[in-house]
Amino acid sequence: MIEIKNLHKYFENHHVLKGLDLTVSQGETVAVIGPSGSGKSTLLRCMNLLEIPSTGELRLDEIHINARHISKTDLLSIRKNTAMVFQNYNLFANKTAAENIAEALITVRKMNKRIAMDIAQQMLKKVGLENKADHYPSGLSGGQQQRVAIGRALVLNPRVVLFDEPTSALDPELVQEVLQVIRNAAQEHVTMVIVTHELDFARDVADRIIFMDDGKIVEQNSAAEFFINPRQERTIKFLEKFKQQNMYYI
Ligand SMILES: Nc1ncnc2c1ncn2[C@@H]1O[C@H](COP(=O)(O)OP(=O)(O)OP(=O)(O)O)[C@@H](O)[C@H]1O
Ligand SMILES: [Mg+2]
């Protein structure tokens, strides 16, 4: 379980996160939506301490952190127990698909290389890329690269996987194959927080939707309720805008 309490983040004088409270239960999938600049990426990055929050508390199961004094041990254990999937894949260009997935097993988990490569091969099968083990990222499509990146995140069995717009950089025809891999992970009860502009996908895969605007959580609800019955004026406006652009259908 991951919990944040009264989280604030400033970049110099710019108040970007304005007192967020959020709990994500074990096995839950939470989608975070909201306009550009509302602080979605910053929230994700604070959850794995890629950004250090200015004030507030963060808890990942037994690890409790107060932003004002974070020990190196806590920082490392939060990073070790979380994984992040970025928009632009961030694979090692000089490693094959299998090596990309095996890398952290070998370096972080100190696993024997042959065993790590076997596990990587199984993970590739899971993300539908069993035939691409020896391909380098440059020889893979964007969708395939992103599936390798998701495999790399999942293989470590992190307590939570944080996705920052995992399909935004993809050509439309490659989006579904990546969403399917995330959907499968949700069915296996991997705990996930997904920032996305794919509202249909969010409604379909997420247990809960969080709507952020201007550094605050404006509204949250079950995926079913959120789209049918938005309560806040800002949420209604945001959803209307998407509807007008035909970007999702209820
Ligand atoms: N490292 C940084 N230094 C200074 N300001 C930053 C930094 N990162 C983010 N910001 C500012 O914080 C605000 C929120 O940014 P953030 O990237 O979290 O928004 P977002 O909701 O993810 O937007 P988008 O949908 O465009 O990805 C923006 O005004 C941004 O300019
Ligand atoms: Mg962002």
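I shall speak about the ligand site, then the aromatic rings, and finally some individual residues.

First, the conventions. This is a predicted model, in which local features need pLDDT of at least 70 and side-chain atom pairs count only at pLDDT 80 or more, while totals for chains, interfaces and linings use all residues. Residues are numbered from 1 along each chain as its sequence is written, chains are lettered from A and ligands numbered from 1 in the order in which they are written, and side-chain values use heavy atoms, with hydrogens and water left out.

Let us turn to the ligand. Which residues are around ligand 1? They are F11, H14, V16, P35, S36, G37, S38, G39, K40, S41, T42 and E165; a residue is counted as near if one of its heavy atoms lies within 4 Å of the molecule. By class, this shell has three nonpolar, seven polar and two charged residues. Here Ala, Val, Leu, Ile, Met, Phe, Trp, Tyr, Cys and Pro count as nonpolar, Asp, Glu, Lys and Arg as charged, and the others, Gly among them, as polar.

Several polar contacts, meaning pairs of N or O atoms within 3.5 Å, can be listed; within protein, one atom must be able to donate a hydrogen and the other to accept it, and residues adjacent in sequence count only if both atoms are side-chain atoms. The side chain of T42 places an N or O atom 2.5 Å from an oxygen atom of ligand 1. From the backbone, an N or O atom of G39 lies 3.0 Å from a ligand oxygen, and a polar backbone atom of S38 is 3.2 Å from an oxygen of ligand 1. On its own, ligand 1 has 640 Å² of accessible area, and the protein covers 60% of that; such areas come from the Shrake-Rupley method with a 1.4 Å probe, and for residues only the protein chains shown count as cover.

Which elements give two or more residues to this shell? They are β2 (14-24) and α1 (40-47), and α1 supplies the largest share, three residues. Helices (H or I, at least four residues) and strands (E, at least two) are DSSP runs, numbered from the N terminus.

I now move to the aromatic rings. The structure holds three aromatic pairs. Rings of Phe, Tyr and Trp (its six-membered ring) pair if their centres lie within 6.5 Å; planes under 30 degrees apart count as stacked, over 60 as edge-to-face and the rest as tilted. F211 and F238 form a tilted pair, 5.0 Å centre to centre with 45° between the planes. This pair links distant parts of the chain, 27 residues apart: F211 is in strand β9 (residues 208-213) and F238 in helix α9 (residues 233-244). Why is the pair of F226 and F227 edge-to-face? Their ring centres are 5.2 Å apart and their planes stand at 80°, so the pair falls in that class. Both F226 and F227 are buried; buried means under 20% relative accessible area, exposed over 50%, and partly exposed in between (1.4 Å probe, protein chains only).

Finally, two individual residues. Q145, in helix α5 (residues 142-154), is buried, with a relative accessible area of 15%. Its side chain reaches the backbone oxygen of P137 at 3.3 Å. N157, in the loop between α5 and β7 (160-164), counts as exposed at 66% relative accessibility. Its phi is near 50°, a positive value in a residue other than glycine. Most residues other than glycine have a negative phi.
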